[in-house]
Amino acid sequence: MDDLKADFELMVSNTKLYYKRGSPEYRDAQELENLLGKAVGSVMAGEDPSQTLGDREDSDLGEFLEELFGAIMTAADSTEPSRLLNIVFQLLPSRKRYPEYYEHISDPMDLKTVAEKIQKGEYKEIPELEKDLQLIFSNARSFNEPGSQIYKDAGVLSKLAKSRTADCVASLVARQARGSRSSRRQSRQVYSQGIAALQYEDSESESDEDSDLEDMDGSTDPMWKLYSAVRNFTTERGVEIAEVFL
């Protein structure tokens with residue numbers, strides 16, 4: 001552990017020595033240095049740093065993104081409450097089985113892709129999430145016949161996304177103005193994690209090839225946890241600061 005920590009520290013110090021103070025590279029090195037200290041402390045305490053280092057300034061945004069996504073995931077048919085409306089929009093059609101879909105739709109989008117972007121912190125504003133959701137529903141209405149069940153469901157979810165986006169934006173602005181945090185949303189279910197993990201029909205064989213990497217990601221080795229936390233850390237600007245050191 002000491003050797004690994006020393007190598008990380010050398011990497012940071014070399015960067016700070018070479019780049020001008022105040023440059024993006026110098027600031028990234030400072031942030032990585034701060035992250036390293038927290039990660040080492042977390043690992044030494046027997047914790048998983050990937051779970052304990054996620055408290056960032058944009059956590060409020062993340063909560064409201066999950067709330068908006070959750071509204072879509074829990075929307076049900078008003079005449080048949082047991083039928084959730086999101087199911088058909090979770091995964092894009094198979095390119096092999098439905099090539100005509102991709103001939104007609106120039107900008108495909110599905111809930112899995114949206115969920116992955118939420119998990120990666122790619123949305124910087126709530127309307128960005130709504131834009132992708134609306135793309136899903138407009139694609140569905142463009143490809144399917146008016147009056148079909150998918151067409152109708154897309155219309156319902158489109159209206160829901162628009163209204164809930166307005167609510168979430170207003171609530172986020174109000175919370176930021178108060179400078180306070182609410183614990184009300186902390187206990188809500190995080191739907192994006194499960195949807196992001198869904199597999200496409202055409203990628204089943206690829207998932208087998210990646211099984212070895214998945215096993216590594218689940219390693220309990222403290223050194224692997226430390227390496228993974230530093231290697232995969234993303235800044236508030238959406239930059240993987242470790243990439244420049246690879």
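Modeller: The axes are lines fitted to C-alpha atoms, for helices over the stretch in contact, and angles run from 0 to 180 degrees between N-to-C directions. Also, this is a predicted model, where local features need pLDDT of at least 70 and side-chain atom pairs count only at pLDDT 80 or more, while totals for chains, interfaces and linings use all residues. Residues are numbered from 1 along each chain as its sequence is written, and side-chain values use heavy atoms, with hydrogens and water left out.

Biologist: OK. At what angle do H4 and H8 pack?

Modeller: About 160°, with the axes of helix H4 (residues 59-74) and helix H8 (residues 149-178) 9 Å apart. H4 and H8 are therefore roughly antiparallel to each other. Helices here are DSSP runs (H or I, at least four residues; strands are E, at least two), numbered from the N terminus.

Biologist: Which residues make that contact?

Modeller: With contact meaning heavy atoms within 4.5 Å, H4 brings residues including Asp60, Phe64, Leu68 and Ile72, and H8 brings residues including Leu157, Arg164, Cys168 and Arg175. By class, the contact of H4 with H8 has 10 nonpolar, 2 polar and 5 charged residues. In that count Ala, Val, Leu, Ile, Met, Phe, Trp, Tyr, Cys and Pro are nonpolar, Asp, Glu, Lys and Arg are charged, and the others, Gly among them, are polar.

Biologist: And how do H4 and H7 cross?

Modeller: At roughly 20°, with the axes of H4 and helix H7 (residues 126-143) coming within 10 Å. That makes H4 roughly parallel to H7. On the H4 side the contact includes Leu61, Leu65 and Phe69, and on the H7 side it includes Ile126, Glu130 and Phe137. The tally for H4 with H7 is 10 nonpolar, no polar and 1 charged.

Biologist: What about H2 and H12, at what angle do they cross?

Modeller: Roughly 155°, and the axes of helix H2 (residues 24-44) and helix H12 (residues 222-231) come within 10 Å. That makes H2 roughly antiparallel to H12. Leu32, Leu35, Leu36, Ala39, Val40 and Val43 in H2 meet Pro222, Leu226, Ala229 and Val230 in H12. Sorted by class, the contact of H2 with H12 has 10 nonpolar residues, no polar and no charged.

Biologist: Switching topic: where does Ser94 sit, and is it buried or exposed?

Modeller: Ser94 is in the loop between H4 and helix H5 (99-104). Ser94 is buried, because its relative accessible area is 6%. The cut-offs are under 20% for buried, over 50% for exposed and partly exposed in between (1.4 Å probe, protein chains only).

Biologist: What does Ser94 touch?

Modeller: Leaving out residues up to four places away in sequence, Ser94 touches Pro99, Tyr102, Glu201 and Asp202. A polar atom of the Ser94 side chain also lies 3.2 Å from the backbone nitrogen of Lys96.

Biologist: And Thr15, which helix is that in?

Modeller: Helix H1 (residues 2-18). Thr15 counts as buried, because its relative accessibility is 9%. The backbone oxygen of Met11 lies 2.9 Å from a polar atom of the Thr15 side chain.

Biologist: Last one: how many helices and strands are there in the protein chain?

Modeller: The protein chain has 12 helices and 0 strands. Buried residues make up 35% of its 246 residues.

Methods:
Angles under 35 degrees count as roughly parallel, over 145 as roughly antiparallel, 65 to 115 as roughly perpendicular and the rest as oblique. A polar contact is a pair of N or O atoms within 3.5 Å; within protein, one must be able to donate a hydrogen and the other to accept it, and residues adjacent in sequence count only if both atoms are side-chain atoms.
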